[in-house]
Amino acid sequence: MKRFYFILIFFGFTLLTNAQIANNKYWVQFTDKDNSPYSIDNPEAFLSQRALQRRANQGVAIDEYDIPVNPQYLQAVADCGAELINPSKWLNGVTIHTTDPAVVEAINALEFVESVRCCEYNAEAQLIKERWLAKEMEMIEAQIAAKGYYGGGYTQIDQLNGIALHDSGFAGKGMVVAVLDGGFVGADTHHCFDNMREEGRLLGTRDFVYHSNNVYTQSSHGCSCLSTMAAYDPQNFVGTAPEASYYLIHTEDGDSENIIEEYNWVSGAEYADSLGVDVCSTSLGYITFDMSQWNHPFEHYDGKTAPMTIGAEIAASRGMLCLNSAGNEGDSWNGECTLGIPADAEHILTIGAVDENGARAYFSSVGPTYDGRIKPDVMAMGYNTFVAGTGNSYYNGSGTSFSCPVMAGMATCLWQAFPNATAAEIRDAVRECSNRYENPDNKYGYGIPDFQEALDLLPVHEIVKTDNIISVYPNPSRGAVNVKLMEGAEANVNVCDYMGRQLFSYHFNGLNHTTLENELNGLSTGIYFISVNSESGNQTLKLVITK
């Protein structure tokens, strides 16, 4: 596959040539989810409380997409002799590994298998890709200008008028972002992430490529993308969402060009959804593969055909805000679409690249989609963007790889400011506050957003607040809290930790609050979510314990 890590001028991209090679892999498509032990009536079996709350907040119903792949089907495929890799509930299938054609034949014969798609690896194409990457990626060490608190990151946030959100207290606190990428070399050691690690805001990692316990291998690309949001090194580099929490998810295999990587991404996005992630930032895209039969012709750019695009659309329908790089093929533009899959997805924000003066970077990919929609959606700084590199260094990199997370961080802060808004409302507000909103085109989309304007725009969309059903105070608390329920109300109360794990539940009648107070007073230092359901309505509040 001609895969973009959406970078033109970058630094030390590391490929581990001795890593596992994607060979003899297949996608198994199932026909249905019949006779599954899972049910939409019991979503707690497969979705975290935080994921369920996100859906409830946005009126998103649990449906068949949420039900995991039937485990009986998976077991039957394994019993045929295949090694299971990544199941996908949204696409209703599983990627497998086998070297035995008889195994493939046996799987094809299963009554609940619709098809088996070969994902063969091409070693010669991989060598061509590695030479291409080595030629394209050139190290440019950054010179940190005197920009005060934001250091080298000042220009990229100032261009979006994002400092206004930070000054108003919205720097991503309480929001959860997933970064899906090809490796995070350096993210576990770079000092710009010390604050994130020390505060426990690096919530977890997951590898969908090698199924190892280590995502800090293969590439430093993900580390650099992460830094545009999460960096907190005042006077040197502060990112666009320095107080948010993050998951790092490895889906892209730098050692192969294989359509299985699209399926990896869908599995990664499903994982993010199940954890209750708010925002997904992806700086990957796909056009051509090692095997020409996998290539995406223009007619695939219709927002509903490519596996990764289908996954991105389903992710957005779950109430997550999804952002993806547009691609770096704009310099080859001849009037046709140069986007990378899944940038054609309708309900995500596709991000193009501009320089510090707001001029489109020559490499930034352009639309329209096959069905005539404008893409990219909006633009951010992706030329000479300030990023973290290997060691404790900083560099300037260029590519829509970086404009995407710069924008994702600001969208995260905007959503923090309006927690009652839906993902769709945040997405629309980002478009509407952009400088070309009245006259969009397929080079700039709706233009460069102004997040101060978005801050003024969104109250029109905000859900009208009702009186609190429950009050917990003081908040933050050093350990002793008081509980008060709205007079005359009864409610079911659930308390979850920051990961969405339910700690306890309680039926509160408004009279005896001692039991609930005792439970809350016994919590250790951290952030908790208290969800209340009653005839008067629903409410979720965040409790911070700072013993």
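Tutor: Quick heads-up: this is a predicted model, where local features need pLDDT of at least 70, side-chain atom pairs count only at pLDDT 80 or more, and totals for chains, interfaces and linings use all residues. Residues are numbered from 1 along each chain as its sequence is written, and side-chain values use heavy atoms, leaving out hydrogens and water.

Student: How are the axes of helix α9 and helix α10 oriented to each other?
Tutor: Helices here are DSSP runs of H or I with at least four residues, and strands are runs of E with at least two, numbered from the N terminus. Axes are lines fitted to C-alpha atoms over the stretch in contact, with angles from 0 to 180 degrees between N-to-C directions. The axes of α9 (residues 260-275) and α10 (residues 307-317) come within 8 Å and cross at roughly 10 degrees. Angles under 35 degrees count as roughly parallel, over 145 as roughly antiparallel, 65 to 115 as roughly perpendicular and the rest as oblique, so α9 and α10 are roughly parallel.

Student: Which residues of α10 does α9 meet?
Tutor: Contact means heavy atoms within 4.5 Å. On the α9 side we have E262, Y263, W265 and V266, and they meet α10 at P307, M308, G311 and A312.

Student: What is the strand order in the open sheet of 7 strands?
Tutor: Strands pair if DSSP finds at least two bridges between them. The edge strands, β7 (202-207) and β15 (378-381), each pair on one side only. With parallel pairing, the order is β7-β10-β6-β11-β13-β14-β15.

Student: Which residue in β11 is the bridge partner of V177?
Tutor: Strand β6 (residues 176-181) pairs with β11 (residues 279-282) in the parallel sense over 4 bridges. The partner of V177 there is V279.
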